[in-house]
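Please read it with the coordinates open.

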Amino acid sequence: MNELDTLVTSAQALFAQSASPADLENAKAQFLGKSGRITELMKGMAALSVEEKKSRGAVINVAKQAIEAALNARRQALADAELETQLKAEALDVTLPGRSRMSGGLHPVSLTLERIEAIFGSMGFDVAQGPEIETDWFNFTALNTPQDHPARSMHDTFYVEGGSTDAPNLLRTHTSPMQIRHAVQHVKRHQSLLDAGQRMPEIRVIAPGRTYRVDSDATHSPMFHQCEGLWVGENVSFKDLKVVFTDFYRTFFETDDLVLRFRPSFFPFTEPSAEVDIQFASGPLAGRWLEVAGSGEVHPNVIRNMGLDPERYIGFAFGMGTDRLTMLRYGVSDLRLFFDGDIRFLSQFQ
Ligand code: DAH
């Protein structure tokens, strides 16, 4: 092997060992750079004759071209390898199924509460929220249900810490304490009008929320929802209650084929009191009377506890079980389904 062949072979070997473009450029400099081997050989021809230059130059050129060819091939190979690595790193399997975005939604009972708020809102009712841990006063006494009143045993109460020994705090057994809480605030806000003997704006409010009783079966849950309603003014009667209720239930169930019945009943905080039943003319529940709310004219003692004069102020109140309404609206037969948190059940309401 002559000197030039050896040179080409060693260039090829060095290029092949170069693992990166930077290594390769260093290797190239050894042969083709300013003081590279080929360049040196060219310089070495200075002393030769024209004839010798010609033949020698041609041989060196052949070697130079071979080295350049090897360099370019190696450059290409390194670039290809780099691209390959990059493509591998960014590999994307377009055949994989896409990631779907889970969309949440409101619980059916929340949907009902929103609906109730919208319907009563359109009739001019405010929406009030109150505490779920209540005092004995707001839950019972202020609602005309004093200690030892037999009506207290209608509610199986969860008692909690706090309060006094004979009147411990409790988880509210109904939303009715909100009647007092809201009315007292309302009266406070308008006290100057009342003091001046002027007319106070009517109290018109609903108070939806969670309520608690020691009770559990297919139609009772220890935690359940109610919506309280209160309309107090100077001349608010049972007739207004009937109009409001008829309007409400027909709007809620989206049918005019629905009638109401008031069944005499007893609640300590209303006099007279009535249970409200509704009946559909058609559909799966047609012909059955369904109990949907308790109601009545607010008892004078309760009006007094609101800070108002029962000789002047009168009104109605009601309390409806909103879980029951949700069951009726969606045809659900077991109340517990609402609170099991089973996504297969809940996702049907989206
Ligand atoms: N608080 C009663 C209950 O939970 C329901 C009720 C009845 C509320 C009559 C009222 C009412 O405001 O006037 O059983």
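1. **Basis.** This is a predicted model, so I used local features only at pLDDT of at least 70 and side-chain atom pairs only at pLDDT 80 or more, while totals for chains, interfaces and linings use all residues. Numbering runs from 1 along each chain as its sequence is written, and side-chain values use heavy atoms, with hydrogens and water left out.

2. Which residues place an N or O atom by an oxygen atom of the ligand? The side chain of E228 has one at 2.6 Å. The side chain of R213 has one at 2.8 Å. A317 uses a backbone N or O atom, at 3.1 Å. On its own the ligand has 350 Å² of accessible area, and the protein covers 92% of that. These areas come from the Shrake-Rupley method with a 1.4 Å probe; for residues, only the protein chains shown count as cover. Strands are DSSP runs of E, at least two residues, and helices are runs of H or I, at least four; both are numbered from the N terminus.

3. **H174.** H174 sits in the loop between β4 (167–171) and α7 (177–189). Its relative accessibility is 4%, so H174 counts as buried. The scale is: buried under 20% relative accessible area, exposed over 50%, partly exposed in between, with a 1.4 Å probe and protein chains only. The H174 side chain makes a polar contact with the side chain of S176, at 3.3 Å. A polar atom of the H174 side chain also lies 3.0 Å from the backbone oxygen of N139. A polar contact is a pair of N or O atoms within 3.5 Å; within protein, one must be able to donate a hydrogen and the other to accept it, and residues adjacent in sequence count only if both atoms are side-chain atoms.

4. **Second largest pocket.** How much space lies in this pocket? About 220 Å³. A pocket is an open set of points on a 1 Å grid over the protein atoms alone, where a 1.4 Å probe fits, with protein on both sides within 12 Å along at least five of seven lines; lining residues have an atom within 4 Å of a point. Grid points are joined across faces, edges and corners, and the volume is the space filled by probe spheres set on them. The lining has 13 residues, with L113, Q129, P208, G209 and R210 nearest the centre. It divides into three nonpolar, six polar and four charged. Helix α5 (108–122) and strand β5 (203–212) each supply at least two lining residues. The largest share, four residues, comes from α5.

5. **T112.** Helix α5 also holds T112. T112 is buried, at a relative accessible area of 0%. T112 and L325 are 213 residues apart in sequence, yet their C-alpha atoms are 7.6 Å apart.

6. **Backbone geometry.** The peptide bond from E271 to P272 is cis, with omega near -5°. P272 belongs to strand β8 (residues 270–280). N144 is not a glycine but has a positive phi, near 65°. N144 lies in the loop between α6 (136–139) and β3 (159–164), and is buried at 17% relative accessibility. E254 has a positive phi of about 55° and is not a glycine either. E254 lies in the loop between α9 and β7 (258–267), and is exposed at 61% relative accessibility.

7. F238 is in helix α9 (residues 238–253). It is partly exposed, at 24%. Its C-alpha atom is 92 Å from that of S20, 218 residues away along the chain. E40 lies in helix α3 (residues 37–43) and is partly exposed, at 39%. The C-alpha atoms of E40 and E25, 15 residues apart along the chain, are separated by 18 Å.

Notes: Nonpolar A, V, L, I, M, F, W, Y, C, P; charged D, E, K, R; others polar.
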